[in-house]
Amino acid sequence: MTRNSKILVFIGAAYLIGLMVASFGYSHFIEPKLAKPEKLLIDDDGSLIAMAPFPPSMAYPLGSDIDGNSYLTKIIEGAKYTIGLSVIIALGRVLLSLLGGYLLFLLPTSMKRTFKGLSDALHYAPVTVFTYILITPVILTFSWSYDLTTKIVFPCLVIIAVSVPVLSLYVQEEIDLASNNEFIDNARTMGASRFHIFKKHIVPFLTPKVVVTFVQQMGQTLIIFAHLGLLNVFIGGSDTRVMEYDIETGDAITETFTMSNEWAGMISDNFQYIRSFPWMVLAPVTAFALTILAINFIAYGLKANRKPKRVNVPQEKLKTTSMSLDKEKFRMVK
Amino acid sequence: MTITFFRKSLIQFILTSISIVLIGSLPYLFFNMKSQVDVLMMIEKKELNNTLFLQDTIVFNVQEYGLHMWNTVKLLTTGGMVEYYESGRYYSLFPELLELFTKSMMYLILGLILGLAVAVVMTMLIMSLSSKVRKFPKMILFVLESLPDIFIILILQLLIIWIYKKTDLLIFNITSTLDGEPVLLPILVLSLLPGIYVTKYLLLAFEYEEEQPYVKLALSKGLSKWTILFVHMFRNSVLTLFNHFKSIFTFALANLLMLEIIFDIEGFMTFIYKNSVLNPEILTISLFLVFVPFFIVFTIIQWVLESKFLQGGGTLD
């Protein structure tokens, strides 16, 4: 690992861990003690300075929402949901595509090609659209008929499943690449079973790539969250969001818009204010951007670490042995 | 070679078409679409006020799924009248969809061409620097490509508003008004992110080519740096770029969706977004609308490249 890539991984990891710790710490220790937010800013002599939403300032670094809550704290609080969900989804994607990739690897070449051809359709529309089509009926359009568990689990499963075909193909290609090594043939002649070869010889090749893929998938998931947020769909705490029903019947049930301060939900709720109070959208979007940047730092740093370790070891040994050349080591030849 | 290439492309075309139909009908597999849409219609016509008694679960409705796929195939092959449902009424899909398609694809293609041109110029400029100085533009590229597209699009829009507020100078029309829709800015924004990606891949390809022995040979023969860069290395990098171009294209489509929403443009992508949940056929038809022309273009480019570069046989992938 070069020094630069170490620094990148460190910066990214420190940002993510710091954010998560702050997020859990905030909602456990600070938030319960907090007073109700101020809707009006009043000067010392009693005159009104400003009304919420406040623009970004010293007291409100990222501005505030309509109720006067600072966006900085809202974002810190929501971080655990957003990042946590992205970790779960990335993990699900990687595990499923490892399985899928192994199964694909066992198939004959013609079948592999067929799958590759089929997955090509995903190139002609953004992933967000596919996800949206399958998630929205549950969350928005037919929201009256599905219960809360379905509304949280099904979207997660969809977001996991959307990327499995392409990822499986990637894993299968990597397995194929690793199994082209000569020592695999050796192991086979010595009687190793297929699964043994996979476990002992292919997995060590796969592991670093899978780790990088996992980190990249976290970033991809966050991007999908941000996109879906813009399309008015989000997962965390959207349980009673029945907009159309509300308008039709005149019932005023709007208080459960952001049950959790999940970032995608914040984008979705505030997008209508983009013209008048741009920071209300910009704050969660910036949070997404910084987090994705941190994740990409980690992925980039880990990628630079891919060189096999054994290259360095024999070289040092060679140096020490080649230094001690003296007469006694030579022998006369006829 | 021509015949095998033709056969391969045809198989690819058929496979992709099959999976588009498979994907397009997926909502019918998981939801009881017909009864749900009926309920929605009743709600929207105010015939139904209380929905608390309605319960449904995720289903696995293979029969409906198959049936809908069959209907879609019939619809596509016979080209019958397609109607879509929106808030209580049915509308005719064509020619509305085609108009939106032409408009959005004009943005996309112009954006991609502009991005490609700027990227080539940028790459040449970066490559003309020494490898030590190159680090800085590469760092900027890395940060830019790491940022999500909606962040960049939003920042650009807000920047233009800010400039307008400060100087009273509206550089571009930023949103749909009565005067018409913004044209120049969407194209510029659409060119930006694909441009960054193209620059990244081109740089990688160029730096790989730079290490190749033929470059040293050419230098030692006295060819100028620019000739090698523009003629020889560029020619060889085009192949690598083309292999990445499909994913860049997908990425540009995602950009287009975000752009249409943020800039409030009534376009092809927003049409899919608004209507294809209740009418999954729209997704299938739109996918075919994008797929068929671009597949043909990609295949022709691939054919040209293969016949130019690989006269001795072999394939690009």
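Predicted model: local features only at pLDDT ≥ 70, side-chain atom pairs only at ≥ 80, totals over all residues.
## Where the chains meet

Let's start with the contact between chains A and B. Chain A brings 43 residues to it, and chain B brings 49. On the chain B side, at least two residues come from each of these helices: α1 (2–24), α2 (26–30), α3 (33–44), α6 (135–146), α7 (149–167), α10 (225–262), α11 (268–275) and α12 (280–309). The largest share belongs to α1(B), with 8 residues.

What classes of residue does chain B use to touch chain A? This side has 35 nonpolar, 11 polar and 3 charged residues.

## What the record lists for chain A

An unreviewed UniProt entry lists residues 7–29, 81–107, 127–146, 152–171, 210–235 and 279–302 of chain A under "transmembrane region".

Two of these spans can be looked at in the model. Residues 127–146 of chain A are 75% helix and 0% strand, with 24 Å between the end C-alpha atoms. For residues 210–235 of chain A, the figures are 81% helix and 0% strand, and the end C-alpha atoms lie 26 Å apart.

## A pair of helices in chain B

Two packed helices are described by the angle between their axes and the distance between the axes. In chain B, α7(B) packs with α8 (residues 184–210) at an angle of about 140°, and the axes are 11 Å apart. Their crossing is right-handed.

Conventions. Residues numbered from 1 in each chain as written. Chains lettered and ligands numbered in written order. Contact = placed C-beta atoms within 7 Å. Helix = DSSP H or I, 4+ residues; strand = E, 2+ residues; numbered from the N terminus. Nonpolar A, V, L, I, M, F, W, Y, C, P; charged D, E, K, R; others polar. UniProt positions renumbered as here; feature names shortened; annotations may be inferred. Axes fitted to C-alpha atoms, helices over the stretch in contact; angles between N-to-C directions. Left-handed = near helix turned anticlockwise from the far one by under 90°.
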